[in-house]
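Here is a short report on one protein chain. Read it with the structure open beside you.

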Amino acid sequence: MRIIVLGPPGAGKGTQAKLLAEKYGLEHISTGDMLREEVKRGSKLGNIAKEYMDQGLLVPDNVIVEMIAERLGEGSMGKGFILDGFPRTLSQAKALEDVLGGMADIDMVIYIDVDDDVVVRRLGGRRSCPKCGAVYHIVNNPPKNDEICDKCGHPLIIRDDDREDVIRKRLDEYRKRTSPLIDYYMKRGKLVRVDGNKDIYCVFSEICIHMDKFFKSSAMEGKE
Ligand code: ADP
Ligand code: ADP
Ligand code: ZN
């Protein structure tokens with residue numbers, strides 16, 4: 001099973017991708033997490049990426065495509081994967097098809113649709129664990145102990161790009177460069193839209209309904 005999770009910054013892509021990966025035994029591949037890892041390591045790729053990320057701009061396509069092609073080439077995907085935050089431009093979408101060998105290899109694109117004001121509130125309250133990557137929200141999904149990660153006990157941080165001016169720029173980039181992918185995947189019959197304004201478990205159960213429908217229909221096809 002190969003899934004793409006699409007939506008604006010703060011839609012809940014990472015939150016849902018983690019829950020899905022756990023439930024369905026899929027590999028969670030987040031380009032944002034991979035880039036932050038490179039930044040932390042101070043690699044050449046990380047240094048290039050940081051310039052863009054800090055300004056709320058998308059990292060150039062060639063850099064991202066090379067990184068993801070390498071990751072997908074590693075194999076060990078088990079039952080499949082969930083791409084979170086990739087593709088983010090039409091050119092990345094086309095490059096992905098080249099890497100995978102065609103659109104038929106993408107099973108479903110889950111579009112998490114969220115209102116702008118909700119997105120701004122979510123990003124404003126997001127807290128992240130720099131050690132294990134867990135994500136919280138100060139109001140919607142708080143850690144048990146103030147500002148400390150439930151999973152690993154590390155102090156939580158506010159991401160450098162979750163500041164108001166950078167958030168605005170990221171939303172601009174999303175509208176201009178990423179939102180055309182909604183239409184792109186819709187025309188190819190891959191898109192399922194879920195209402196991302198609801199709480200985390202409502203959104204998750206809506207996505208699971210689509211997942212289960214997919215498994216049922218592929219099992220039926222298998223019988224023919
Ligand atoms: P994305 O990966 O799309 O940027 P995240 O999964 O990091 O989004 O979520 C952004 C913030 O919103 C986090 O603080 C997260 O805890 C919170 N959040 C995610 N989904 C929901 C939801 N359905 N309702 C309320 N808050 C949410
Ligand atoms: P969010 O979904 O909250 O915007 P991500 O963690 O997915 O956050 O991405 C953080 C930043 O990493 C983006 O603003 C962008 O600079 C960079 N980035 C992540 N994925 C991509 C991608 N596929 N193409 C270009 N830039 C990316
Ligand atoms: Zn942690």
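## A cis bond in a loop

Pro87 sits in the loop between β3 (81-84) and α5 (90-100). The labels follow DSSP runs: helices are H or I runs of at least four residues, strands are E runs of at least two, and both are numbered from the N terminus. The peptide bond from Phe86 to Pro87 is cis. Its omega is near -5°.

## How to read the model

This is a predicted model, in which local features need pLDDT of at least 70, side-chain atom pairs count only at pLDDT 80 or more, and totals for chains, interfaces and linings use all residues. Residues are numbered from 1 along each chain as its sequence is written, chains are lettered from A and ligands numbered from 1 in the order in which they are written, and side-chain values use heavy atoms, with hydrogens and water left out.

## The whole chain

The protein chain has nine helices and seven strands. Its radius of gyration is 17 Å, close to the 17 Å that the globule rule gives for 224 residues, so the chain is as compact as a globular protein of that length. The radius is taken over C-alpha atoms, and the rule is 2.2 Å times the number of residues to the power 0.38. Along its principal axes, the C-alpha trace spans about 55 × 35 × 35 Å.

Of the 224 residues, 47% count as buried. Buried means under 20% relative accessible area, exposed means over 50%, and partly exposed lies in between (1.4 Å probe, protein chains only). The accessible surface of the chain comes to about 11700 Å². Carbon and sulfur atoms own 52% of that surface. These areas come from the Shrake-Rupley method with a 1.4 Å probe; for residues, only the protein chains shown count as cover.

## Contacts and charges

Which share of the contacts with a separation of 6 or more comes from residues 24 or more positions apart? In this chain, the share is 71%. A contact means heavy atoms within 4.5 Å.

The chain carries 36 positive and 37 negative side chains. Lys and Arg count as positive, Asp and Glu as negative; His and the chain ends are not counted. The centres of the two sets lie 1 Å apart. Each charge is placed at NZ of Lys, CZ of Arg, CG of Asp or CD of Glu.

Arg126 belongs to strand β5 (residues 126-128). Is Arg126 buried or exposed? Its relative accessibility is 14%, so Arg126 counts as buried. A polar contact of 2.8 Å joins its side chain to that of Asp162. Such a contact is a pair of N or O atoms within 3.5 Å; within protein, one must be able to donate a hydrogen and the other to accept it, and residues adjacent in sequence count only if both atoms are side-chain atoms. Beyond its neighbours within four places in sequence, Arg126 contacts several residues, including Tyr136, His137, Ile157 and Arg170.

Ile157 lies in the loop between β6 and α7. With a relative accessible area of 39%, Ile157 is partly exposed. Setting aside neighbours within four places in sequence, Ile157 is in contact with Arg126, Arg127, Ser128 and Pro130. Ile157 and Met53 are 104 residues apart in sequence, and their C-alpha atoms are 16 Å apart in space.

Glu147 is also in the loop between β6 (135-137) and α7. Its phi is near 60°, a positive value in a residue other than glycine. At 35% relative accessibility, Glu147 counts as partly exposed.

Leu171 is part of helix α7 (residues 164-178). Its relative accessibility is 7%, so Leu171 counts as buried. Not counting residues up to four places away in sequence, Leu171 touches Pro8, Pro9, Val119 and Val120.

Lys23 lies in helix α1 (residues 13-24). Its relative accessible area is 47%, so Lys23 is partly exposed. What does Lys23 touch, not counting residues up to four places away in sequence? Its partners are Phe204 and Cys208. Lys23 and Cys208 are 185 residues apart along the chain, with 9.3 Å between their C-alpha atoms. Val99 lies in helix α5 and is partly exposed at 38% relative accessible area. Val99 touches Ala69 and Leu72, again not counting residues up to four places away in sequence.
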